[in-house]
Amino acid sequence: MVNGIQIFLDSGSIEDIEKYVSSAQIEGFTTNPSLLRKAGIVDYRAFAKRVLGIVGRKEVSFEVIADDLETMGRQSREIASWGANVWVKIPITTTSGDSTIPLVETLKDVNVNLTAVFTTAQIDSARDVLKPNDILSVFCGRINDTQRREPFFAYRTFRTLYASTRHVMAIHEARQHGYDIITMTPDLVAKLSLKGKDLNEYSLETVRQFHRDAQGIVL
C-alpha cells in the first residue's frame, strides 16, 4: 500500500505480472480485452490459469467478453470459478448502452468489478447492488482527458478503484478523493522508485541523456 491506497498492476503481459508479483507495492492485478489483444492473448482461459498460478492469493480481475446479459452472466460464473481471488469485470453497459445493473444484481455469489464507469448517475445506479467486497472502477484518467473532474463519493458500501491512470501523482489525487485502489501500468509502477529523487541529480541525468541521444545528429 502506498499513501494509504492499494496499487493494482494493469497489464495483459505474463512477463509484467511475473516481474511485479513479488513487489510489496503491488497488491493485485487487473486485465481487460484491450490489454489482452495488445499482448497477443487468444486463449483466455489458458492465460487466466497461468496468471493465477503466478499471483498466489493476490486479487486478479478478468473481464467478460460477451455483450448480452445472458451470456455475460454465464461467463461471469465461469470466470469466478477459476479462483477465490478472482474478481469478474463487468462493463457498466453493453455496447448498445443497456445497463448491466440487472445482471450484477443476480451475481450474489460472484466477486464483481463493475468497470468503465464515468458518471455520477452510473455510480448511483450501482450503489444498492454492489456487495461490500465488490469493486467499482471509475475511469478517472479518461474523464480527466475531457477536462472534467471525476465524480466524488458522498457515501459507498463497496470498494472504489481509480482507473486509466495517466501519471504517478494520481496516487495522491485518488487518496484525497477517497479511492481504495488505483491501477497502474508497468511504466508508471517503474516510476514509483523516483519518489523523493534529488532534482539536481535528475536534471543532470536528463542533460546527459539528451547529450547521448544527440550523438550522430549533424547540425
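Buried residues make up 47% of the 219 residues in the protein chain. This is a predicted model, where local features need pLDDT of at least 70, side-chain atom pairs count only at pLDDT 80 or more, and totals for chains, interfaces and linings use all residues. Residues are numbered from 1 along each chain as its sequence is written, and side-chain values use heavy atoms, with hydrogens and water left out.

User: What makes Glu 63 and Lys 89 count as another one?

Analyst: Their closest N and O atoms are 3.9 Å apart, so they meet the cut-off too. Glu 63 sits in strand S3 (residues 59–63) and Lys 89 in strand S4 (residues 86–91), so this bridge ties together parts 26 residues apart in sequence. Strands here are DSSP runs of E with at least two residues, helices are runs of H or I with at least four, and both are numbered from the N terminus. Both Glu 63 and Lys 89 are buried.

User: Which class does each partner get in the Asp 134 and Lys 131 bridge?

Analyst: That bridge has its closest N and O atoms 3.0 Å apart. Asp 134 is at 1%, so call it buried; Lys 131 is at 21%, so it counts as partly exposed. Elsewhere, salt bridges that share partners join Lys 197, Glu 201 and Glu 205 into one network.

User: Why is Leu 199 called exposed?

Analyst: Leu 199 has a relative accessible area of 66%, so exposed is the word. This residue lies in helix H10 (residues 199–214).

User: What makes Leu 194, Leu 199 and Tyr 202 a nonpolar patch?

Analyst: Patch residues have over 30% relative accessible area and no salt bridge; nonpolar side chains (Val, Leu, Ile, Met, Phe, Trp, Tyr) are joined within 5 Å, like charges within 9 Å. These three form such a patch on the surface, with about 280 Å² of accessible area together, by the Shrake-Rupley method with a 1.4 Å probe and, for residues, only the protein chains shown as cover.

How values were computed:
Salt bridge = Lys/Arg side-chain N within 4 Å of Asp/Glu carboxyl O. Buried < 20%, exposed > 50% of the residue type's maximum accessible area, 1.4 Å probe, protein only.
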